[in-house]
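Me: I would like to learn how to read a model like this one. Please take it feature by feature.

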Amino acid sequence: MPRHLRIPLAAALLPLVLTACGASASDNGSTSEGRDPDTLVVAAIPSENSTSLAQQYAPIVKLLEAETGKKVQMQKATSYAAVIEAQRAHKADVALYGPLSYVVAKDSGAGVKLAGALVAAKGGTPGYQSYGITRSGNKDIKSLADFKGRKVCFVDPTSTSGYLYPQSGLLKAGVKAGDYTKVMAGGHDASALSVASGDCDAGFAFDTMVDSDLIKQGKLKKGQLKTVWKSTEIPGSPAAVSTDLTASLQKKIVDAFETKANADYMESKGYCSGDGCKIDDNWGFVAVKDSAYDSVRAVCDATKDAQCKGGS
């Protein structure tokens, strides 16, 4: 899942790295009922497992073009902070978020509406977990309480499963920020691999990165890491549409994500085939309510983390 979050909103004006040339969302036409651009701009961050944003989201692009009659342009962002600001500034019409960045965008008035959230498998619910990990042979670390005095790898300060939920877990275990050496690895894969190599004594990453992704890639051996903590369920990574678009266009985009942006439908239409229809190894998107993200808001309230408010 696209679960990694990067860079606080204080750095939100960092430029987006474009995957293609074209007019920005705000350059296109509008009506008294809202913006109705000829080209829909979709902002996203490539996952750790993907080298090509265009390839990663090609089926989604084909789907949105078919459902809206618009040209769709993928826009690669350097951070979720940049994604939020792109949508706030009408430079992106649709954004693919992590749970925390969606909450920040929604609650800071960026003008976004949920269009669905990722599920790993058909019939599943949108959600995943953060893991606290160490090397399997490390007998000194058996719980989060044992992270005290250790070198601990996180993903980055605005990662939901790689920083925010781990902070909450550590606080509950009686481990405060100054009790360990903090390392920002920059990605879930990098965090897990740093623990495996011994660069960090312990660390955090999302569940499938530890359980399957790195093992399938041959970067980790099964059983090389042990999980000493699992977070509560984290709501799935969502897509959001800009609320300044016309109501009819918003509806087309939301309907597409909620009912058709999944491996089964996209393969049936010939937009992709096999595993190429999966989105970051997920089956696809399903409908979700904003209230599903109240658990993220609760963790923000508990940790008082600056990232929850877009602070530095």
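Reply: Start with pLDDT, which is the predictor's confidence in each residue, from 0 to 100. This is a predicted model, and the mean pLDDT of the protein is 88, with 87% of residues at 70 or more.

Me: Where does pLDDT stay under 50?

Reply: Over residues 1-24. The model still has 97 contacts beyond four places in sequence for that stretch.

Me: How many helices and strands does the protein have, and what share of its residues is buried?

Reply: There are 10 helices and 16 strands. Buried means under 20% relative accessible area; by that cut-off, 54% of the 312 residues are buried. The accessible surface comes to about 12600 Å², and carbon and sulfur atoms account for 50% of that.

Me: What do the contacts say about sequence separation?

Reply: Take contacts between residues at least 6 apart in sequence: 80% of them join residues at least 24 apart. A81 lies in helix α3 and is buried, at 2% relative accessible area.

Me: Helix α3 also holds Q87. Is Q87 buried or exposed?

Reply: Q87 sits in α3, residues 80-88, and counts as buried because its relative accessibility is 1%. Its side chain makes a polar contact with the side chain of S242 at 3.2 Å. Leaving out residues up to four places away in sequence, Q87 touches several others, including Y97, V112 and A240.

Me: How many disulfides are there, and what pattern do they follow?

Reply: A pair of cysteine sulfur atoms within 2.5 Å is taken as a disulfide, and the count is 3. Counting bonded cysteines along the chain, the pattern is 1-2, 3-4, 5-6.

Me: Which parts does the C153 and C200 pair tie together?

Reply: The sulfur atoms of C153 and C200 are 2.1 Å apart. C153 is in strand β10 and C200 in the loop between α6 and β12, so the link ties together parts 47 residues apart in sequence. C153 is buried at 0% relative accessibility, and C200 is buried at 1%.

Me: What handedness do the disulfides have?

Reply: Read it from the torsion about the S-S bond. The C153 and C200 link, at 60°, is right-handed. For C272 and C277 the torsion is about 115°, so that disulfide is right-handed. For C300 and C308 it is about -85°, so that disulfide is left-handed.

Conventions: Residues are numbered from 1 along each chain as its sequence is written. Side-chain values use heavy atoms; hydrogens and water are left out. Helices (H or I, at least four residues) and strands (E, at least two) are DSSP runs, numbered from the N terminus. Buried means under 20% relative accessible area, exposed over 50%, partly exposed in between (1.4 Å probe, protein chains only). A polar contact is a pair of N or O atoms within 3.5 Å; within protein, one must be able to donate a hydrogen and the other to accept it, and residues adjacent in sequence count only if both atoms are side-chain atoms. Contact means heavy atoms within 4.5 Å. Accessible areas come from the Shrake-Rupley method with a 1.4 Å probe; for residues, only the protein chains shown count as cover.
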